[in-house]
Amino acid sequence: MFTQVWTTSPLYFDVYYGQPYYATPLALTNEDLLMGDWAKGYAGSEEASWYYAVMPSGDVTVPCLAESWELTDAETMVFKIRQGVHFFNKPPTNGRELTADDVVFTLNRMWDSKVSLHATAWPRDKYIESITAPDKWTVVIKCKPGKTGEVYDNGCNYAKIIPHEVVDEYGDMNKWENVCGTGPFMLTNYVQDSSLTFERNPDYWMNDPLHPDNQLPYLDGVKWLIIPDLSTRMAALRTAKVDHLGALNWEDTESIIKTSPELKYVEYPGASPVGIHMRVDKPEIPIHDINVRRALFLAIDNQAILDEYFVGHAEMLTWPIMPTPEFADIYVSLDKLPESTSELFEYHPDKARQLLAEAGYPDGFKTSVVCTATDADLLSIIKAYWDDIGVDLEIDVREYGAYTSIYSEKSHEEMIIGSMSATVPFKFARIAPGLRSTLSMNEDELISEAYAECLANYFNEPERRQIMRNIVPHILAQCYILVPPTPSGFTLWQPWVKNYHGEALVGYYGTFGTFAKHIWVDQDLKLEMTGKR
């Protein structure tokens, strides 16, 4: 049994009611058409880290419930469904074989829902022409013109396949007892706000990609403990009540390993950079002027923030592309940027004052940033730097509900701080003109063109990646979003957890915890170290 921690209970057990990310148990019980390739991670060729919710490229994606697929024309995808895959041997399927009809049923059901992520973010009438099964093992998805890439992303990597019998029998799959899939583990118990228990699926179809003679999963079972309180989670790891704990900062990690030096851990650039989004659609406010925005960048000592505030455990440049193995060929480091852009991450207060004077603000100006209490400390540091050049920053702290309303309605007067999307760069989230997540309100034609070109070249991976790499210097040079150094994240695990390297998921959103099917627990070592198996 492998025990890990979750901070909240699942919101639901049926993705018909929302997005797969919040139906967390389905990561172990139900599967997608495609999946991330474990052999391309740190267990194998190290082409992917599997630390982040990265939409995996074709180079690190392998078939899952689909045995193969092809693009027969610009709007048509054809999938051959894997034979010999069975649903759980429990009512109402009783172990029957998966077919193309199950895939068609699931995808149509998700896109016909009024509340699922697929139906609301990628509406059927704008994205889907038809989803059909011409025979028992073939699925054909016909897309609206220009929408094939997004349908591929979310229909193949972000849609948990379920059997129609569950819906026929129970109306939906939203009771945990009714969860039925083809995955490596079966959900056998759920105690609200306490725990979830999974048992090994003895009929699971997949073998270890690095050791093909070994059937997966190795573990007899998995237990998720729901522990909202951080100190309680840390205590559970120290006392070996759990085998794994992720999403920690350096201070918490240091505290744990001081008393438990035997623990293994990995440090990685944090998955959620924050950025100060500056409105550029209001000519009457100072930050409309790019030289004012440059001044605000140059006035901040990012190296001091990295060294002192984050105690060295941070990354200077994490957006618009995260420095991970998945993006090693397109990440543009500071030393590869034009000097006028790389200096934006350096400390030049005198140049900042000069730029403000040239822009007509020799005595500075007043501005404001909307935030929650979470980011208030970091903003206080930035405020102090801006005070030094005459810019008076009001830190407008809102409770989460009010903040979310302002964020979603884009009703901030000048600036708002929020999370960035550095692990899914090809979506151009937060930066492409016209997107609901673009809070700077920019109308940058070069960024729009690059976004359109990436969409048009979705299945031409080398071209798409080159387009993305080429636009990064321009995005950074425009100073639409100020992204301070990003603190590191840490994942810790017990030494008896084997074949593990810090992975969080093997694939995209909705696959958190899927690494569990590849790992095992050295029971002898655990007994030796704890006196318990």
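The legends below describe close-up views of a predicted model.

**View 1. Helix α12 has a buried face.** Helix α12 covers residues 349-358, and Pro349, Ala352, Leu355 and Leu356 are its buried residues named here. Seen down the axis of α12, the buried residues fall within an arc of 115°, so they line one face of the helix. Asp350 and Glu358 sit on the other side of α12 and are exposed. The cover over the buried residues includes α9 (290-298), β15 and β16 (391-397). Just after α12 comes Gly360, with a positive phi of about 100°.

View 2. Val292 belongs to helix α9. Its relative accessibility is 0%, so Val292 counts as buried. Leave out residues up to four places away in sequence, and Val292 touches Pro286, Ile287, Leu356, Ala359, Tyr361 and Phe365. Take Leu356 from that list. Val292 and Leu356 are 64 residues apart in sequence, yet their C-alpha atoms are 5.8 Å apart in space. Leu356 is also one of the buried residues of α12, and α9 is among the elements that cover them.

**View 3. Thr367 is a buried residue of strand β15.** Strand β15 spans residues 365-371 and contains Thr367. Thr367 has 5% relative accessibility; because buried means under 20%, Thr367 counts as buried.

**View 4. Four strands form an open antiparallel sheet.** The strand order is β4-β5-β7-β6. At the edges lie β4 (66-73) and β6 (128-135), each pairing on one side only. Direction ignored, neighbouring strands are turned by 20° against each other on average. Strands of a sheet pair through backbone hydrogen bonds, either parallel or antiparallel.

**View 5. Strands β5 and β7 pair within the sheet.** Strand β5 (residues 76-81) and strand β7 (residues 138-143) run antiparallel and are joined by five bridges. Thr76 has Lys142 of β7 as its bridge partner.

View 6. Helix α2 (residues 100-112) lies across β5, β6 and β7. It runs at about 165° to β6. Helix α5 (residues 148-156) packs on the sheet and touches β4, β5, β6 and β7. The direction of α5 makes about 25° with that of β5.

Technical notes:
Residues are numbered from 1 along each chain as its sequence is written. This is a predicted model: local features need pLDDT of at least 70, side-chain atom pairs count only at pLDDT 80 or more; totals for chains, interfaces and linings use all residues. Side-chain values use heavy atoms; hydrogens and water are left out. Helices (H or I, at least four residues) and strands (E, at least two) are DSSP runs, numbered from the N terminus. Buried means under 20% relative accessible area, exposed over 50%, partly exposed in between (1.4 Å probe, protein chains only). The arc is that of the directions from the helix axis to the C-beta atoms. Contact means heavy atoms within 4.5 Å. Two strands pair if DSSP finds at least two bridges between them. Axes are lines fitted to C-alpha atoms, for helices over the stretch in contact, and angles run from 0 to 180 degrees between N-to-C directions.
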